[in-house]
Amino acid sequence: MSEKQSSAWSPSSREIQRRKSRRAISRKQIGIAAASSILVLGTLLVILVTSPGWETVKATFFDIDYGKEVFPTVVKGLWINLQLTFIGGAAIGVIALGLALMRTTKSPALTPFRFLATAYVDIFRGAPLILIILLVGFGVPALGLRGVSSNVIFLGTVAVVLTYSAYVAEVIRSGILSIHPSQRAAARSLGLTSGQTMRFVVLPQAIRRVVPPLLNDFVSLLKDTGLVSILGVTDAVRAAQINASRTFNYTPYVVAAILFLLITIPLTRYTDRVIRQRTSAQNSEGAI
Amino acid sequence: MSNVLELVNIRKSFGDELVLSNLSLTVPEHTATVLIGASGSGKSTLLRCINLLESIDDGQIFLDGQEISDPLINVDDVRRRLGMVFQSFNLFPHKTVLENITLSPIKVHGKSKDEANAHAMHLLKRFDLADKADQYPDRLSGGQQQRVAIIRSLAVSPRLLLLDEVTSALDPVLVNEVLTAVRDLKSDGMTMVLATHEMGFATQVADEVCFLESGNIVERGTAEQVLHNPQNPKTQEFLKRVHQAGRL
């Protein structure tokens, strides 16, 4: 019956008038936004190009010809960062999940693992990433262990994975703890064991809930792979550094920055969209 | 007629607060025992103790003659024989209606997926929910969600069904559809223990009504005796208040 009504409905003259007013308001708002943007951004641009050192800055940071010349080497370096991000990301996911499960388990047999996992997270979340990279990158080869690669890319990846696993484990653990105990009670009362309850009921909901913060961590991971350059890995940062110190022209750094942004900005926008969808899906008052 | 459930001198406290004291109860096969009493009188705690979601401080619980309050018992094995329906439904939001129902039959009872699905569809048809099989719980009304929760606990053919104020989160119209479902189960001969505030419903399904007050059963008997001719002054007082609230 309600469908029949809706197909026969046409807006009243009052509603048509209201829509006209709404359109007028939004036209006015767009106009104000445009004027304000032009004024603010225009002023900033004028301040920048009229500053006394602008010509020097332009020549040493924004040299378009030199930028084009170093572009291929920097892109080649970025490829290393991307590989590191994806391979490292996969390893981080597995290790972090294991750590999160160890930290949330109540099984008495796993008690020592719970302590170890807690200690691990405390250490690697508390120490600066750059120190971990230096310690692993220079410390492990010094140990002279047989069978352990002293390849700097490998060691750099290991260091990043060690640190990020601790971060991501905490994110996953917070997701697990956020699932209401009534879900566990329902699963257990159906006869599921605690392991089955975790696997089929708690974890699927927990992971869904932490997708937005995990995407944030993924963006950070991509940027932080640039830190392995201190071990001498020729990634985008290192490639830019080599070129910059050869000519004392810093354009390669700008090129590297732009390349990172080209990847991270869309990723961040995507993350924001996911978060927005999540919030509106969970909120019945989504309009506010 | 054998006894499905037997509670002997149950005691349970949370910290200093004594929730159940010296409580005994016998539930014969194919009967419905209704627990009534004010909020905080221990109804929900009693049901959670039976399901071993809470451990008791003293006393014994027997399921089909086997003591399940023994700490050495396999709790998962006990819960496989019990069904529990919660006040807040507690459906799994990430699973469809059908997946909610078949999770335990497949993972716990080792049924094949086809077999579990067929049985679930049979139950859904019976409770008029077949068209909701592939929906997610949050698309359903409260009454539909609670009926799915009832089906979920039925899908494993429990020996005993525990229902914890299953209509308290619903509006009066939806209450009715859930109560109809419970009445159907009763006529099928399902053994049940229910906590409820619906006195009219209690009259219809109860073989025995127990009035709980401060963690003990202060009056018990048929619905006629306890609800319409109460002897204990505390029962009389409670029912007077229920009556004033228009719930009888």
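What radius of gyration does chain B have, and what would a compact globule with 248 residues have? Chain B has 18 Å, which agrees with the value near 18 Å that a compact globule with 248 residues would have; the radius is taken over C-alpha atoms, and the globule rule is 2.2 Å times the number of residues to the power 0.38.

The model is predicted, so that local features need pLDDT of at least 70 and side-chain atom pairs count only at pLDDT 80 or more, while totals for chains, interfaces and linings use all residues. Residues are numbered from 1 along each chain as its sequence is written, and chains are lettered from A in the order in which they are written.

Along the principal axes, the C-alpha atoms of chain B fill a box of roughly 55 × 45 × 35 Å. Buried residues, those with 20 or more other C-beta atoms (placed from the backbone) within 10 Å of their own, make up 46% of the 248 residues in chain B. Chain B holds 9 helices and 10 strands, taken as DSSP runs (H or I of at least four residues for helices, E of at least two for strands) and numbered from the N terminus.

An automatic or database domain assignment divides chain B into domain 1 (3–81 + 159–244) and domain 2 (93–157), whose C-alpha centres lie 25 Å apart.

In chain B, an open sheet of 4 strands runs in the order S2-S1-S4-S5 with antiparallel pairing, and two strands pair if DSSP finds at least two bridges between them. Strand S2 (17–28) and strand S5 (66–67) of chain B each have a single partner strand and stand at the edges, so one side of each is left without a neighbour in the sheet. Strand S1 (residues 3–14) of chain B pairs with S2(B) in the antiparallel sense over 8 bridges, and Leu7(B) stands opposite Leu25(B) in S2(B).

Methods:
Buried ≥ 20, exposed ≤ 12 C-beta atoms within 10 Å, placed from the backbone.
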